[in-house]
Amino acid sequence: MSAAPLVHRPSAAADVLVSRAHVLDPREGIDAPHDVLIRDGAIAEIAPPGSLEPPEGAERVDGEGRHLLPAFVDPHVHLRTPGQKHKEDLDTGTRAAAAGGFCAVIAMPNTDPVVDSAPILRALRDEAAREARIPVGFTPCITQGMDGAKLTEMAELRDLGAVGFTDDGKPVVSAGMLRLALQYQRMVGGVLALHEEDPALSGRGAMHEGVVSAMLGVSGIPSISESTMIARDAAIAGYEGGRIHVQHVSAVESVEAIADAKSRGVQVTGEASPHHLVLTDEEVRSLDTRMKMNPPLRSERDRQAIVDALRDGTLDCVATDHAPHARDEKEVPFEQAPMGTTGLETAFAALHTELVLPGVLPLGLVVERMTAGGALFGLEVPRIEVGREANLTLVDLAAEWVVGEDGYESRSENCCFAGRRLTGRVLLTIAAGSVAYRQRAFALTAA
Amino acid sequence: MTRRHLISVERDLDRERIERIVSLAGSFEEVAHREIKKVPALRGRTVLNLFYEASTRTRSSFELAAKRLSADVVNFAASGSSVEKGESLKDTVLTLSAHKPDVVCVRTPWAGAADLVAKWSGASVVNAGDGKHEHPTQALLDVYTLVRKLGALDGAKIWIVGDVLHSRVARSNILAFQRMGASVTLAGPPTLIPRGIENLGCDVRYDLDELRDADVVYALRMQNERIDQPYLPTLREYAERFQINGKRLHPRQVLMHPGPVNRGIELSGEVVDSPQAVITAQVEGGVVVRMAVLYELLEGARSPEGGGTRATTAGARDPQLA
């Protein structure tokens, strides 16, 4: 009997009436104002706007002029637990997620120690059951010690609730090792999430190889370091009939490799990160270490390709790759700084501001892609449907805010969108039937 | 008052400021030929040399420049210091800033570090080399050397030959030469030419077949630390195709090199010793140009902006009379 895939700390089931909000759930075909009543943590009633009154003991949330969406699911976050709690922990990381409108996240295993054995996973899940504000799923390592040499005990880890496996932060360099993992997958299941990078091509690169890196004299990470590995791994997955998920796709050649594999029937999915959808290597000209992440911000042509791939479904979902680092770790010269940007608190607002408002992507598509990531790991998709557990986020699409001005819920502040004025703000998040976040300035009116 | 800096050619040096510094350097030239090689222009000012990379030549050039202007000089080298005990750049800069330097001249192996020093120190910052990014005083001394040799750079054809990939000198010089009106061609093996560099508006060649076109040949140092890496099959083959030697260098051409020279690799011994070579003039120019940079940062800032005003006050504050 396998353990449940998601863990969070128990909290009170919500009894809330969200009145007159514009409810949008592309999967349910809902795109109109409604009253939505949540009773005992579940969606009890969806009714015409203004028709419902909060029952005894329930709160009324004024949704007038706001949007009620299915809450987002992030299949790629770094919660830095165990061992790196000066960057983030399960409490602060899931607070940041809830503040960004997420109702579930999947945590990466490149911690200290790495999550590569049953005792570590068990302890981590126990901690999540005490601290996590929203449900968290875990993807332990593919290889022991994340060294790429020997498989982890994937069967036991699956029994303990592993939703998949990944050596994220590092590629599985050996094609033979990936093949073994894909063979073993037939027995244990669990998607293999792959950080695709050929270290022989990326070398000591610290940013995208292109015009800007040539100018700055900073060693470049060529786009082909990602795309050649994707092509290789898709070929292996196709041969073994295995299932892979490509993390944080950043380059036009990578999109082509995934589209090609999909057209051949390979079971491959891909994710796009808000920073790759919005920013380019032009941002690195300032050598601001918040703009340093792996894979790096690439050219405008690459960015366009990622946007197009998200639109046409070549890339299946949005994933933040939320990667907190402490201030002193990032307050160093660019080449010395660790890779990573935080992203949970800004993902929706950044995409809304930079892609939805200019008309590049429809809001419904962004909502669909931001809620799709969990299903790739076997998790349930949040839906606004009567009888479902409430996983909802209420957003004000007109609210403007400056990133970082009021601080962050995350323990770290290395956000690539810091200082940007964004439009669209999460006001309330209900995750797994409980209120997980309320924006401070957002007043709730009792019944 | 906002502190002024010299961190990159790209941001900090337009043609006007380059010309101002070159002309100021010319006025310091005479000091080097005095018996007492010192003027009191920066008396009471403190110049801190903060060097995270081994450098005898650049550091001593900055030191000499500061001393000839009567500034107090503190040299801080990363080796044998708190840096080896694990102190961060930020903490080192905050600590040294407590000594209230007026100028910090900083060299590090990291692009952008001079900007961080400027952010943390409160002093004027001169970038003495940040990783493979920029080395603006080298570009200034090269422009100075060429202006003295050729009169002006307008229309000059300058070839920069060798390891452009790892060269901060190349990056700063491409920009400075272009801003002074020269056209720049880069030549070297494709493994040592960074992808995208042609976007700076320079020509890229993988041979020296048309080197005769050049008015100036600027050879880059083949850095020993690169030899272990697979950028080149052998140094022999590099020298065979890209060495500047007597057969390739025309008597009309000016030969430059940032030093230290690897004789027999990027340059043959004969051209180093030839009359076309201005390599020692570059070193000499380095001191007066750095004097000009320090003076311009500390005293130039006092003059109100605007050419007319500066012209009328310049005489009163002639550095040699100060």
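In which strand of chain A is Leu68(A) found? The structure is a predicted model, in which local features need pLDDT of at least 70 and side-chain atom pairs count only at pLDDT 80 or more, while totals for chains, interfaces and linings use all residues. Residues are numbered from 1 along each chain as its sequence is written, and chains are lettered from A and ligands numbered from 1 in the order in which they are written.

Leu68(A) belongs to strand β6 of chain A, residues 67-70; helices (H or I, at least four residues) and strands (E, at least two) are DSSP runs, numbered from the N terminus. Leu68(A) is buried, as 28 other C-beta atoms lie within 10 Å (buried: 20 or more such atoms within 10 Å, with C-beta atoms placed from the backbone; exposed: 12 or fewer; partly exposed: in between). Leaving aside residues up to four places away in sequence, Leu68(A) touches Val18(A), Ala21(A), His22(A), Val23(A), Val36(A), Gly63(A), Leu392(A) and Leu394(A), where contact requires C-beta atoms, placed from the backbone, within 7 Å. Val18(A) is 50 residues from Leu68(A) in sequence, and their C-alpha atoms are 8.3 Å apart in space.

Chain A also has an open sheet of 4 strands in the order β1-β9-β8-β7, with mixed pairing; two strands pair if DSSP finds at least two bridges between them. β1 (6-7) and β7 (72-77) of chain A are the edge strands, each pairing on one side only. Strands β8 (residues 102-107) and β9 (residues 136-138) of chain A are parallel and share 3 bridges, and Ile106(A) stands opposite Gly137(A) of β9(A). Helix α1 (residues 90-99) of chain A lies across β7, β8 and β9 of chain A, at about 135° to β8(A) (axes are lines fitted to C-alpha atoms, for helices over the stretch in contact, and angles run from 0 to 180 degrees between N-to-C directions).

Chain B is assigned domain 1 (9-136 + 286-306 + 313-317) and domain 2 (137-281), with bounds from an automatic or database domain assignment. The C-alpha centres of these domains of chain B lie 26 Å apart. Between them, 23 residues of domain 1 are in contact with 19 residues of domain 2. On the domain 1 side, α2(B) contributes the largest share, 5 residues.

The contact between the chains takes 21 residues from chain B and 16 residues from chain A. On the chain B side, α4 (89-97), α5 (113-121) and α7 (168-179) each supply at least two residues, and α5(B) gives the most, with 3 residues.

Terms used: Two residues are in contact if their C-beta atoms, placed from the backbone, lie within 7 Å.
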